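Biologist: I would like to learn how to read features of a model from its coordinates. Can we go through one example step by step?

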Amino acid sequence: MNTQAHAEEAHAGASVGTNLAVWIGLVAITFLEVFLAYEQLQPTVMLTILVVLSLVKAGMIMSWFMHLKFEKFSLVLLLIPAMIFCICMMFIFFFPEAFRLLQMRPH
Amino acid sequence: MHDVKTEAALDSAWSGGKSPFAIGSKKLGMWLFIVSDTLTFSALLITYSYSRLTNPDWPRPFPIFPAIAFSTTMTVVLLASSLTMVMAVMAAQRNDRKKTVMWMVATMVGGLLFTGLHLTEWMNMIFKEHFTITGNPEGTPLFGAVFFGITGLHMTHVMIGVIYLGIVAVGYGRGKYSAEDVEVNGLYWHFVDLVWMFVFPLIYLMSVKY
């Protein structure tokens, strides 16, 4: 198959309206994050909420803007699980040490 | 002669001679690059988290106004440039070369504006607030390495993205590149935006000065 055929095949993206709605959602979540910073939440609560919201935003960008929602599912399986696995591997080394260091802090 | 099951297997996307993911090699290449670059930024952000846990005197140098208001503006500018990139890719898929180039130039303007605002912020921090890569007046000197390292690497990605957009816009306008090239460029640009969606909350919003 040549590139042209591929390019034509993969062209089932979202409409302008949908993309605009996704974009408004992203901006809204950004302002929600800033509002949370303004509210002075507990650092751990704040961090948890921010990471969850960022993951939601990343999912929105990848699904609609980067067209992953409209690609073959085999591509998603190729890219995403391996990436998540590698990031989890980084956290395996992060967590025990991080908690130990947190306990070693002077109070 | 093959039986029905063998025929079905030979006909599948995995039997060779086809692209099993139904995308061009350029797009697959860009996706693989994005995965590896995601891991680079993940490693940096995890290093930042670790440094932050180990240093109780981590500075919180960003008051809501002006610093957070400023970086929120930067975030909105970058998000807006992502929307113009979406429009460019859609125009390229309609084979509308003029509109594609126009939207790509708009995306470049967004990228340049973001870089300009970011550099303004950096200059203000370095020369007025005395935050440098090796020290600062408010706490552990590690802050500078982390802050300038992560935001600097992201800014480098934005600048490279602007150059990349310029090359593809000129090439596409002249008929040298296809709509697929514009789409692959779009993937890179959205990725840069995606990274900022983690940098902004973790670096800025977790370091608000009250």
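Biologist: In which helix of chain B does B:P66 lie?

Modeller: B:P66 lies in helix α3 of chain B. Bear in mind that this is a predicted model.

Biologist: What joins B:F65 and B:P66?

Modeller: The general idea comes before the case. Most peptide bonds are trans, and most residues other than glycine have a negative phi. Here, B:F65 and B:P66 are joined by a cis peptide bond, with omega about 10°.

Biologist: Which residue has a positive phi of about 55° although it is not a glycine?

Modeller: That is A:Q40. A:Q40 sits in the loop between α2 and α3 of chain A. With 11 other C-beta atoms within 10 Å, A:Q40 is exposed, because a residue counts as exposed if the number is 12 or fewer.

Biologist: And what is phi of B:H130?

Modeller: Phi of B:H130 is near 60°, a positive value in a residue other than glycine. B:H130 belongs to the loop between α4 and α5 of chain B. B:H130 is exposed, having 11 other C-beta atoms within 10 Å.

Biologist: Now to helix packing. How are two packed helices described?

Modeller: By the angle between their axes and the distance between the axes. Take α3(B) and α6(B): their axes come within 9 Å and cross at roughly 165°. That makes α3(B) roughly antiparallel to α6(B), because angles over 145 degrees count as roughly antiparallel. The crossing of α3(B) and α6(B) is left-handed.

Biologist: Which residues of α3(B) and α6(B) meet?

Modeller: On α3(B) they include B:I68, B:L78, B:M85 and B:A88. On α6(B) they include B:V182, B:G186, B:W189 and B:F200. The residues of this contact of α3(B) with α6(B) divide into 13 nonpolar, 6 polar and 2 charged.

Biologist: At what angle do α2(B) and α5(B) pack?

Modeller: α2(B) and helix α5 (residues 142-173) of chain B pack at an angle of about 160°, and their axes are 11 Å apart. By the rule for angles over 145 degrees, α2(B) and α5(B) are therefore roughly antiparallel to each other. α2(B) passes α5(B) in a left-handed crossing. From α2(B), the contact is made by B:L44, B:L45, B:Y48 and B:S51. From α5(B), it is made by B:L142, B:V146, B:G149, B:I150 and B:L153. The residues of the contact of α2(B) with α5(B) divide into 7 nonpolar, 2 polar and no charged.

Biologist: Next, cores. What do nonpolar side chains tend to do?

Modeller: In soluble globular proteins, nonpolar side chains tend to be buried together. In this model, the largest nonpolar core has 60 residues, of which B:A88 and B:L187 touch the most other members. At least two residues of this core come from each of α2 (16-38) and α3 (43-65) of chain A, and from each of α2, α3, α4 (97-128), α5 and α6 of chain B. The largest share of this core, 16 residues, comes from α6(B).

Biologist: What does B:L187 touch, not counting residues up to four places away in sequence?

Modeller: B:L187 touches A:M66, B:M30, B:W31 and B:I34, with that exclusion applied.

Biologist: How many residues does each chain give to the contact between chain A and chain B?

Modeller: The contact takes 44 residues from chain A and 43 residues from chain B. On the side of chain B that touches chain A, the elements that give two or more residues are α2 (25-54), α3 (64-93) and α6 (179-204) of chain B. The largest share of that side, 11 residues, comes from α3(B). The residues of that side of chain B divide into 29 nonpolar, 11 polar and 3 charged.

Biologist: How many helices and strands does chain A have?

Modeller: Chain A has 4 helices and 0 strands. Of its 107 residues, 17% count as buried.

Biologist: Last, is B:V4 buried or exposed?

Modeller: B:V4, found in helix α1 of chain B, is exposed, with 7 other C-beta atoms within 10 Å. B:V4 and B:S81 are 77 residues apart in sequence and 51 Å apart in space, C-alpha to C-alpha. B:A8 also has its place in helix α1 (residues 4-11) of chain B. B:A8 is exposed, with 11 other C-beta atoms within 10 Å.

Notes: Residues numbered from 1 in each chain as written. Chains lettered and ligands numbered in written order. Predicted model: local features only at pLDDT ≥ 70, side-chain atom pairs only at ≥ 80, totals over all residues. Contact = placed C-beta atoms within 7 Å. Nonpolar A, V, L, I, M, F, W, Y, C, P; charged D, E, K, R; others polar. Axes fitted to C-alpha atoms, helices over the stretch in contact; angles between N-to-C directions. Parallel < 35°, antiparallel > 145°, perpendicular 65-115°, else oblique. Left-handed = near helix turned anticlockwise from the far one by under 90°. Buried ≥ 20, exposed ≤ 12 C-beta atoms within 10 Å, placed from the backbone. Core = buried A, V, L, I, M, F, W, Y, C linked by C-beta atoms within 7 Å.
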